[in-house]
Amino acid sequence: MEFTEEEKVTFMQEALKEAKKAADNEEVPIGCVLVSADKTILARAFNRRELDGQATHHAEICAIEQANQVIGNWRLTDCALFVSIEPCVMCAGAIGLARIPQVYFGATNPKFGGTVSLYQILEDERLNHRVHVESGICQEAAAEIMQTFFRNRRKKLKNKKNMI
């Protein structure tokens, strides 16, 4: 699947909308969309660990599960995933297992990144499925959402401690 730069930005903006929904729900603000070969959005999701009480409910996992239901197949070979922040190791594994051929993300994840920062799972030649990975799409906006979220979280914790 080929995407123009404009299409990449458009789909990343949709992922960023999902990230904002996560932040609005006190979730770590990561959002993603899965796009089909005809360039329509099959699934959209944001982190839901706190909302659902499930450790594995990262945006990517939730979107993959939605897309599996939409197309009725576990293989997502004609899809591209756009996510605001670099996928973690768990999500990178799920992307590979779902056979998603392309991943586009905004900002890197230096503490948990499974695609470029700490590990390069999706491009590891030892695995039977490799994924085209492209980073830096709307990077500043993606990083800003995360920075704002954690800055606000630290302020809330500090205010809570001061009230005790």
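**Figure 1. The largest pocket of the predicted model.** A pocket is an open set of grid points with protein on both sides within 12 Å along at least five of seven lines. The structure shown here is a predicted model. Its largest pocket has a volume of about 590 Å³. The lining of this pocket comprises 21 residues, and those nearest the centre are Val28, Asn109, Phe112, Met146 and Phe150. By residue class, the lining consists of 11 nonpolar, 5 polar and 5 charged residues. Helix 5, formed by residues 139-163, gives the most to this lining, contributing 5 residues.

**Figure 2. Helix 1 and the residue that follows.** Helix 1 runs over residues 5-24, a total of 20 residues. The buried residues of helix 1 are Lys8, Phe11, Met12, Glu14, Ala15, Leu16, Glu18, Ala19 and Ala22. In an α-helix there are 3.6 residues a turn, so residues three or four places apart point the same way. Just after helix 1, Glu26 adopts a positive phi of about 60°.

**Figure 3. The aromatic pair Phe3 and Tyr104.** In the whole structure, 6 aromatic pairs are found. In one of these, the ring centres of Phe3 and Tyr104 lie 5.6 Å apart and the planes meet at 80°; because an angle over 60 degrees counts as edge-to-face, the pair is assigned to that class. Distant parts of the chain are linked by this pair, as Phe3 belongs to the segment before helix 1 and Tyr104 to strand 4 (residues 102-107), 101 residues apart. Both Phe3 and Tyr104 are buried.

**Figure 4. The aromatic pair Phe82 and Tyr104.** The rings of Phe82 and Tyr104 have centres 4.7 Å apart and planes at 15°; an angle under 30 degrees counts as stacked, and the pair is therefore stacked. This pair also links distant parts of the chain, with Phe82 in strand 3 (residues 79-85) and Tyr104 in strand 4, 22 residues apart. Phe82 has a relative accessible area of 0% and is buried. Tyr104, at 3% relative accessibility, likewise counts as buried, because the cut-off is under 20%.

**Figure 5. The aromatic cluster.** Ring pairs join Phe3, Phe11, Phe82 and Tyr104 into a cluster. Phe11 is one of the buried residues of helix 1, while Phe82 lies in strand 3 and Tyr104 in strand 4.

Definitions and conventions
Residues numbered from 1 in each chain as written. Predicted model: local features only at pLDDT ≥ 70, side-chain atom pairs only at ≥ 80, totals over all residues. Heavy atoms only, no water. 1 Å grid on protein atoms, 1.4 Å probe; cavity = no way out; pocket = protein on both sides within 12 Å on 5 of 7 lines; lining within 4 Å. Points joined across faces, edges and corners; volume = space filled by probe spheres on them. Helix = DSSP H or I, 4+ residues; strand = E, 2+ residues; numbered from the N terminus. Nonpolar A, V, L, I, M, F, W, Y, C, P; charged D, E, K, R; others polar. Expected span 1.5 Å × (residues − 1). Buried < 20%, exposed > 50% of the residue type's maximum accessible area, 1.4 Å probe, protein only. Phe/Tyr/Trp six-rings, centres within 6.5 Å; stacked < 30°, edge-to-face > 60°.
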